[in-house]
Amino acid sequence: MFSSIRHSFALLRAGRTLAAYDALMTPEQLKQLPFSARLGLAAAKFGTHRPEKNGENAVVAALSSLGPSYIKLGQFLATRPDLVGPKRAFELKALQDRLPPFPTDVAMETVHETLGARVDRLFSEFGPPVAAASIAQVHRAVAPDGRVLAVKVLRPGVGKRFAADTASYYFAARLVERFSAEGRRLRPVAAVRMLEQSMKQELDLRMEAAALSEMAENTKDDPCFRVPKVDWERTGRDVLTTEWIDGTPISDIESLREQGFDLVRLGDTVIQSFLRQAIRDGFFHADMHQGNLFVDQSGNLVAVDFGIVGRLGPKESMFLAEILYGFITRDYARVSEVHFAAGYVPHEHDPAVFAQAIRSIGEPIMDRPANEISMARLLTQLFEVTAQFNMQTQPQLLLLQKTMVVVEGVARTLNPNLNMWVTAEPVVRSWIERKLGPAGRLEEASASFGRLLTGLPAVLDDARRATRMLSEMANNGGLRLDSETTDQLARAQSRHSRWARIWMAIGAISLAVIAIQLAV
């Protein structure tokens, strides 16, 4: 009860701040409200002063004033137009994760406490902050051996603030799901859980170091893409140290052009690197905006800041590859089949009608000029259509779609005439051929056989027990299966994999024949 009161007051405070900035609703929405509701909103603003917006839109200014947790919430909701509406989601894209830096001596104390050594023993130089955000800030430093390093230090007290605010988000999400059928379809509790998991990873910089390490391993053979190396000796929960990337920001188009870099190739690299991460590896950089991308002297695309990453399971990776390839080849029936096979669209719907709806999305963009074809817009429209067929929201796919919007925007600044289908097709086709071709079939068969061997000891134990049971039953007048016995057998079978059940069925038939012979 007390926690509910606490969460209610926290949400009320946030609501009053939004009201003070006129950010709760648009003027058009306010006009549609009944008088009593407008009166309630006016009461929420009572006693607040009208703040300065500094040129920002109202909702961005309000969330920025509420602090780190609400900045992250706003950035997350920018990926969820299904929850806040397309217009509000678009407004939230302008939310910048920037806060004033905290003092350098506080950062040095955090380094000392985390790594167990004084800063002057770990670094020969430790400079002032060069960038500061809601979670952490970055310092340029030099190791005793002369290596130039980037040192990311967690903002003091940020963990406790996030924990308290996340509990309030859960409270609000559960209320929505309890009292709204549409809320249950949109699954706001799952959305908050996803936000919480993302924030927990950001708050432990060892997780970001591990993400960098995993991405480096996944992409070591990829052309023209790399990530900074982690200095594990100088990394802990609240401190992350990596090599300093001395490259050209990808947003500096003129400088890239003056240095002779191929902007068209760089645009292709941005798109193809992201698709390899998402489809091939099921693990992608989920914050690939221009500020996190550089071009080194060798012309490699270098991605930094892995605080936000996304994961897709094998089913989601296959789903993404097949729907993209289906649109590329205009095989809308296949795109429909993939949605039903994945279980995303309820089976009471007609696949042919769903394919027709998908065709209505794909055909209008297929013959357009290259600079008007947007894969991100296509996915956005696809998710809007699937909502009409009662498809439950898939948060991991929405994070992917949001990242694709950003990635596509970055690529088009490099090459305004980028053809998304031509650029994506080699990556998608090669992965489809590998997974569905002979090599992929052999790989899947090998994995299935491995799972069978892993479960074989348990199968043999069950077979031995069944042999004894059947022999005893045969000696006591024959084989009898009452309802309780069949229920027990059903529960036992459900614990094993598909292959294990096949072998158990064969064994059970054989044992039944033996038991009948014994009874005779």
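A: Begin with pairing: two strands pair if DSSP finds at least two bridges between them. Here, in a predicted model, strand E2 (residues 136-142) is joined to E3 by 7 bridges, and the two run antiparallel.

Q: Which residue of E3 does Ala-136 stand opposite?
A: Ala-136 faces Leu-154 in E3.

Q: How many residues lie between the strands in the hairpin of E2 and E3?
A: That hairpin has 5 residues between its strands, and Gly-146 takes a positive phi near 95 degrees there.

Q: Which other strand is joined to E3, and by how many bridges?
A: Strand E5 (residues 239-243) is joined to E3 by 5 bridges, again antiparallel. In this pairing Lys-152 stands opposite Leu-240. As for cover, 6 of the 7 residues of E3 (residues 148-154) are buried.

Q: How do I read which way the residues of a helix point?
A: An α-helix has 3.6 residues a turn, so residues three or four places apart point the same way. In H18 the buried residues include Phe-354, Ile-358, Ile-361 and Ile-365.

Q: What is the reach of helix H18 from its first C-alpha to its last?
A: H18 (residues 351-366) has 16 residues and reaches 22 Å, close to the 22 Å expected at 1.5 Å a residue. The helix H18 also bends by about 25 degrees at Arg-359.

Q: Which residue caps the N-terminal end of H18?
A: Asp-350 does, with a side-chain oxygen 2.9 Å from the backbone nitrogen of Ala-352.

Conventions: Residues numbered from 1 in each chain as written. Predicted model: local features only at pLDDT ≥ 70, side-chain atom pairs only at ≥ 80, totals over all residues. Heavy atoms only, no water. Helix = DSSP H or I, 4+ residues; strand = E, 2+ residues; numbered from the N terminus. Expected span 1.5 Å × (residues − 1). Bend = angle between axes of the 7 residues up to and from the residue. Buried < 20%, exposed > 50% of the residue type's maximum accessible area, 1.4 Å probe, protein only. Polar contact = N/O pair within 3.5 Å; in protein donor to acceptor, adjacent residues only side chain to side chain.
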